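User: Please walk me through the packing in this model, one question at a time.

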Amino acid sequence: MAETEKPFRPTGDPVALTSESPLHPRRKSRRIMVGPVPVGGGAPISVQSMTNTVTADVPATLRQIAELTAAGCDIVRVAVPSQDDADALPEICAKSPIPVIADIHFQSKYVFQAIDAGCAAVRVNPGNIRKFDEVGPSICKAATDAGISLRIGVNAGSLDKELYAKYGGPTPEALVASALKEAHMFEDVGFKDFKISVKHHDVITMVETYRLLASKGDWPLHLGVTEAGPAWQGTIKSCLAFGALLAEGIGDTIRVSLSAPPVEEVKVGCKLLEYMGLRPRKFDIISCPSCGRAQVDVIQLASAVTEGLKDVTAPIRVAVMGCIVNGPGEAREADLGVASGNGKGQIFIKGKVIQTVSEDQIVETLLTKAQEIAAQMEADGQVPANSTGPVVVPIQNPGHQAGN
């Protein structure tokens, strides 16, 4: 991977670019910079993920960062638990196409090394940095001198013992009290270029915590449901929590935490923002649920079409409908679609039927027409930068038992 020029602006610089929610005015927060990516102050909500490679394995880490970038990731975090990982940061930062955040715990020396390496930001947890009262001011000065931002915050599992006892557990009040304590550590020495996260694995607790924190100040907020679980469970949890908060204008950057390949986190995060009206619509599949009227296997048909178009990045909407009762009407706004029944499929564009094909020709016809529409959109300059394909969820055959 060729070295990428880094036109990073100093953190906190004003940037005109803003993004408003169609559901609720965005919460007013101050703006920081993570490399060239603005966070807060009404900036478009960014999507983050974290590599799961050994950071010291530079080629593997850069390959995964490239995959994340292709999926639409704006900011990437890398773990720095060892000296070898810290030593790898200069090359990773120099060659990464997106801003790199170093994830630091326990060893404050790695924070300074990450700043010197050119990281766009550093994630610091004051609660587990040894002698933070002594090194905190030096960390803030180093970040200020380098023009980078920091991320602080608390997870339910790392809550201060005194606060845990005072509030009887990781309650919203306890988590916010911990976050405020950390924020004041930085602000007391004049450092304000940081964002805050207050993560919890429980959706309701997480939402209540961020609501409370949002009412206490203007810090940019990093949303996350920590330890959300396997892909399907974590996706549901994240969509519920993020959807509730984003609908209220709360949140400036997000990371969907899944027990799944990092690229799946990015796909879910990008689509979540798209469906919330916070990112331009990209490729989308509309498909009806299976029901007694369906005369085709809607599940397999939708899966086959989605898989066949997984590399399409043009912002087209394809409808896969299982019957002709509501199909054309419900998907009238789709660019392309099919309403199936009686062994045939009516292919329609913008709600108008253009041809009828046999059932075994439905998928092939839809794929061909979709590619034609996508190619025309690309020729007309209608494909946004960093567009991504659909989120593909594998469908197992009925009766097939997946292995553990």
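**Cores and helix 4**

Analyst: Ile196 and Phe242 touch the most other members of the largest nonpolar core, which has 79 residues; such a core is a set of buried Ala, Val, Leu, Ile, Met, Phe, Trp, Tyr and Cys residues joined through side-chain atoms within 4.5 Å, and buried means under 20% relative accessible area, exposed over 50% and partly exposed in between, with a 1.4 Å probe and protein chains only. This is a predicted model, in which local features need pLDDT of at least 70 and side-chain atom pairs count only at pLDDT 80 or more, whereas totals for chains, interfaces and linings use all residues. Residues are numbered from 1 along each chain as its sequence is written, and side-chain values use heavy atoms, with hydrogens and water left out.

User: Which helix gives the most to this core?

Analyst: Helices (H or I, at least four residues) and strands (E, at least two) are DSSP runs, numbered from the N terminus. With eight residues, the one that gives the most to this core is helix 6.

User: Within what arc do the buried residues of helix 4 fall?

Analyst: The buried residues of helix 4 are Phe132, Val135, Gly136, Ile139, Cys140, Ala142 and Ala143. Taking directions from the helix axis to the C-beta atoms, these buried residues line one face of helix 4, because seen down its axis they fall within an arc of 165°.

User: Which exposed residues does the face of helix 4 turned away from its buried side carry?

Analyst: The buried residues of helix 4 pack against helix 3, strand 6, strand 7 and helix 6, where contact means heavy atoms within 4.5 Å. The face turned away from the buried side of helix 4 carries the exposed residues Glu134, Lys141 and Asp145.
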